[in-house]
Amino acid sequence: MDAATAIYPGSFDPITNGHLDILNRAREVFPRVVVAVANDPGKAVLFPAETRLGLVRCVLKEIGADDVEAVGFDGLLAEFARTIGARALIRGLRAVTDFEYELQMALANRRLDPDLETVFLMAEARHCFLSSSLIKEVARYGGDVSPFVPRCVADALRDAFRSSGC
Ligand code: ADP
């Protein structure tokens, strides 16, 4: 177990500036941060797992974050965290609406692995309203998402909704 390694898991469907805000805060605190993209996040997704992971990698390149690894994972997060030697699990907290779900997950993960500590970080106020769902909704209706997502994500959203004809 490595106290220096943190895992930042999520669906990242797609990664937004809100995710990046949390990731950059985690990088300030932990020498090694691994972004873990859930292959099957248990909710309906727009982008398949390989695309979501590819977009995370593209964004890491775009911001020059060579220190951050991005990987896909299946199955129990606590198990996967153990395999990469993570000691901290990063989650972002927005409004109170996130709290109940996050509390439940944090307590469940603590039961599964008492050595894995969930660490909650808050994004800057201007990123607090951002969610992947909101961004997809804006993109679906042809709105400009470029203020809210990195460039490769904005391009991918444009292509996804252009090709689906939505
Ligand atoms: P999941 O399906 O696991 O919730 P998400 O990709 O939706 O995956 O979110 C991953 C993590 O990033 C969650 O902890 C979520 O609260 C956090 N997050 C996403 N967007 C923001 C944001 N704008 N501000 C703060 N945290 C955020």
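Pro 14 sits in the loop that runs between β1 and α1, with helices (H or I, at least four residues) and strands (E, at least two) taken as DSSP runs and numbered from the N terminus. The model is a predicted one, so local features need pLDDT of at least 70 and side-chain atom pairs count only at pLDDT 80 or more, while totals for chains, interfaces and linings use all residues. Residues are numbered from 1 along each chain as its sequence is written, and side-chain values use heavy atoms, with hydrogens and water left out.

Back to the loop. The peptide bond joining Asp 13 and Pro 14 is cis, with omega at about 0°. Phe 12 also lies in the loop between β1 and α1, and its phi is near 50°, a positive value in a residue other than glycine. For context, most residues other than glycine have a negative phi, and most peptide bonds are trans.

On to the ligand. There are 17 residues around the ligand, counted when one of their heavy atoms lies within 4 Å of it. Tyr 8, Ser 11, Lys 43, Gly 92 and His 127 come nearest. By type, the shell splits into six nonpolar, six polar and five charged residues; here Ala, Val, Leu, Ile, Met, Phe, Trp, Tyr, Cys and Pro count as nonpolar, Asp, Glu, Lys and Arg as charged, and the others, Gly among them, as polar.

Several polar contacts (pairs of N or O atoms within 3.5 Å) tie in here. A polar backbone atom of His 127 is 2.7 Å from a nitrogen atom of the ligand. Arg 94 places a polar side-chain atom 3.3 Å from a ligand nitrogen, and a side-chain N or O atom of Glu 102 is 3.4 Å from a ligand oxygen. On its own the ligand has 550 Å² of accessible area (Shrake-Rupley method, 1.4 Å probe), and the protein covers 91% of that. Two or more shell residues each come from β1 (2-10), α1 (17-29), β4 (86-93) and α4 (96-112).

Salt bridges are next, meaning a side-chain nitrogen of Lys or Arg within 4 Å of a carboxyl oxygen of Asp or Glu. The count comes to 14. One of them pairs Arg 82 with Glu 79, their closest N and O atoms being 3.6 Å apart. Both residues belong to helix α3 (residues 77-83), three residues apart, or about one turn of the helix.

Technical notes. Polar contact = N/O pair within 3.5 Å; in protein donor to acceptor, adjacent residues only side chain to side chain.
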